[in-house]
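The sequence and structure come first.

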Amino acid sequence: QVQLVESGGGLVQAGGSLRLSCAASGRTFSSYAMVGWFRQAPGKEREFVVISWSDRSTLYADSVKGRFTVSGDNAKNTMYLQMNSLKPEDTAVYYCAVRRSLSTVAAVVMRPNEYDFWGQGTQVTVSS
């Protein structure tokens, strides 16, 4: 079973950047078919931000496309989410998650409850 730990969150002004990290232990990210970043703002449901498949293909939410970039470092067993041009509406707790089984159906991969293991989350706050 994998343990996921997110870090890198914080307070940033609108237009600024942050890089989130998701470190895995117990198992490697390559053991899983998909890695996802999700976020949850106060009073809102958890929503997908970006999904990364083991073949390095990705799916970004329209709201972050062109501003966020997912990447990984196999040697460090860590995934990253580079967030640029941050907006106040990006304020949320950000989570990484992994899914064991492969799916390429968008309606499936965007659903948080389709993922098997989660980190504890890291808070991102963007001030206007």
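## Terms and basis

A salt bridge here is a side-chain nitrogen of Lys or Arg within 4 Å of a carboxyl oxygen of Asp or Glu. The model is predicted, so local features need pLDDT of at least 70 and side-chain atom pairs count only at pLDDT 80 or more, while totals for chains, interfaces and linings use all residues. Residues are numbered from 1 along each chain as its sequence is written, and side-chain values use heavy atoms, with hydrogens and water left out.

Helices (H or I, at least four residues) and strands (E, at least two) are DSSP runs, numbered from the N terminus. Buried means under 20% relative accessible area, exposed means over 50%, and partly exposed is in between (1.4 Å probe, protein chains only).

## Salt-bridge network

Side chains of opposite charge can pair when their charged atoms come close. The whole structure holds 7 salt bridges. Arg39, Glu47, Arg67 and Asp90 are linked in a network of such bridges. Between Arg67 and Asp90, the closest N and O atoms are 2.7 Å apart. This pair links distant parts of the chain, with Arg67 in the loop between strand E6 (58–60) and E7, and Asp90 in the loop between E8 and E9, 23 residues apart. Arg67 and Asp90 are both buried; for Asp90 the relative accessibility is 1%.

Asp90 also forms a salt bridge with Arg39, where the closest N and O atoms are 2.9 Å apart. Because Asp90 lies in the loop between E8 and E9 and Arg39 in strand E4, the pair ties together parts that are 51 residues apart in sequence. Arg39 in turn bridges to Glu47, with the closest N and O atoms 2.7 Å apart. Arg39 counts as buried because its relative accessibility is 5%, whereas Glu47 is partly exposed at 36%.

## Strand pairing around E3

Two strands pair if DSSP finds at least two bridges between them. Strand E3 (residues 18–25) pairs with strand E1 (residues 3–7) in the antiparallel sense over 5 bridges. Within this pairing, Cys22 in E3 stands opposite Glu6. E3 also pairs with E8, again in the antiparallel sense, over 6 bridges. Here Leu18 has Met83 in E8 as its bridge partner.

Ser21 sits in strand E3 and counts as buried because its relative accessibility is 16%. Contact means heavy atoms within 4.5 Å. Not counting residues up to four places away in sequence, Ser21 touches Val5, Glu6, Ser7, Trp37, Thr78, Met79 and Tyr80.

## The largest pocket

Pockets are found on a 1 Å grid over the protein atoms alone: a pocket is an open set of points where a 1.4 Å probe fits, with protein on both sides within 12 Å along at least five of seven lines, and lining residues have an atom within 4 Å of a point. Grid points are joined across faces, edges and corners, and a volume is the space filled by probe spheres set on the points. The largest pocket has a volume of about 350 Å³.

Its lining comprises 18 residues, and Ser52, Trp53, Ser54, Arg56 and Met79 lie nearest the centre. Strand E4 (34–40), strand E5 (47–53), strand E7 (68–73) and strand E8 (78–83) are the elements that give two or more residues to this lining. E7 gives the most, with 4 residues. By residue class, the lining divides into 8 nonpolar, 8 polar and 2 charged. Ala, Val, Leu, Ile, Met, Phe, Trp, Tyr, Cys and Pro count as nonpolar, Asp, Glu, Lys and Arg as charged, and the others, Gly among them, as polar.

## Two exposed residues

Thr104 is in the loop between strand E9 (92–99) and helix H1 (106–109), and it counts as exposed because its relative accessibility is 65%. Leaving aside neighbours within four places in sequence, Thr104 contacts Trp53 and Val109. Thr104 and Trp53 are 51 residues apart in sequence, and their C-alpha atoms are 8.9 Å apart.

Gln1 lies in the segment before E1 and is exposed, at 63% relative accessibility. Beyond residues up to four places away in sequence, Gln1 touches Ser25, Gly26, Arg27, Tyr32 and Phe117.
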